[in-house]
Amino acid sequence: MLDHIFLTVANVDRSIAFYEKVLPLLGITARHDYDGTDGPAGHPDLKGFGAKGRMFFWLRQGTAAPGAVHVGLVAESEEMVKQAHAAALAAGGTEIHPPGTQLHYDPRYYAAQVRDLDGYSLEFVYKSWQHGLSDAECD
């Protein structure tokens, strides 16, 4: 299971503003700033986002490498996919594909995809068969 991810962004303040408009629509409402001087030598400052007591989506200042990362973010419904997609576009993201069924994966796979302000590919994903199941049922 994935615990966290760092995205290196060209302008951390600009990216915080973007993600503060998008992530809460997916239930990612917590924010935390980590001072790199609290970590080992050379640790970067981090700007974190999370939910349910976990911080898992972190931004760090630097040279973005958008072709290196695609991030799929869980949505709890098709409506949540639509809302996150609209918020990302309104916040300056660019569309890769609009909300809709992704038949090439599964007829129950509903998603939308955008590029954030640094060009990272973000996909808002609702997989109906993965909701309401225990971890054992998803294996």
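Is phenylalanine 57 buried or exposed? I looked this up in the model, which is predicted. Phenylalanine 57 has 2% relative accessibility, so I list this residue as buried.

**Entry: the aromatic pairs**

I searched for ring pairs next. I found 5 aromatic pairs in the structure. I began with tyrosine 19 and phenylalanine 49, whose rings are tilted, with 6.3 Å centre to centre and 55 degrees between the planes. I then checked where the two partners sit. Tyrosine 19 belongs to helix α1 (residues 12-22), and phenylalanine 49 to strand β3 (residues 46-51). They are 30 residues apart, and their pair links distant parts of the chain. I noted both tyrosine 19 and phenylalanine 49 as buried.

I followed phenylalanine 49 to another partner. With phenylalanine 57 it forms an edge-to-face pair, at 6.3 Å centre to centre and 65 degrees between the planes. The planes count as edge-to-face because the angle is over 60 degrees.

**Entry: around phenylalanine 49**

I looked up the accessibility of phenylalanine 49. The value is 2%, so phenylalanine 49 counts as buried. What lies over the face of phenylalanine 49? I found arginine 31 there, at 5.0 Å from the ring centre. I also traced the cluster: ring pairs join Phe18, Tyr19, Phe49 and Phe57.

**Entry: alanine 86**

I turned to helix α2 (residues 78-90), where alanine 86 is found. Its relative accessibility is 42%, so I list alanine 86 as partly exposed. I then took the C-alpha separation between alanine 86 and valine 22, and got 8.7 Å. Along the chain, alanine 86 and valine 22 are 64 residues apart.

Terms used:
Residues are numbered from 1 along each chain as its sequence is written. This is a predicted model: local features need pLDDT of at least 70, side-chain atom pairs count only at pLDDT 80 or more; totals for chains, interfaces and linings use all residues. Side-chain values use heavy atoms; hydrogens and water are left out. Rings of Phe, Tyr and Trp (its six-membered ring) pair if their centres lie within 6.5 Å; planes under 30 degrees apart count as stacked, over 60 as edge-to-face and the rest as tilted. Helices (H or I, at least four residues) and strands (E, at least two) are DSSP runs, numbered from the N terminus. Buried means under 20% relative accessible area, exposed over 50%, partly exposed in between (1.4 Å probe, protein chains only). A charge sits over a ring if NZ of Lys or CZ of Arg is within 6 Å of the ring centre and within 35 degrees of the ring normal.
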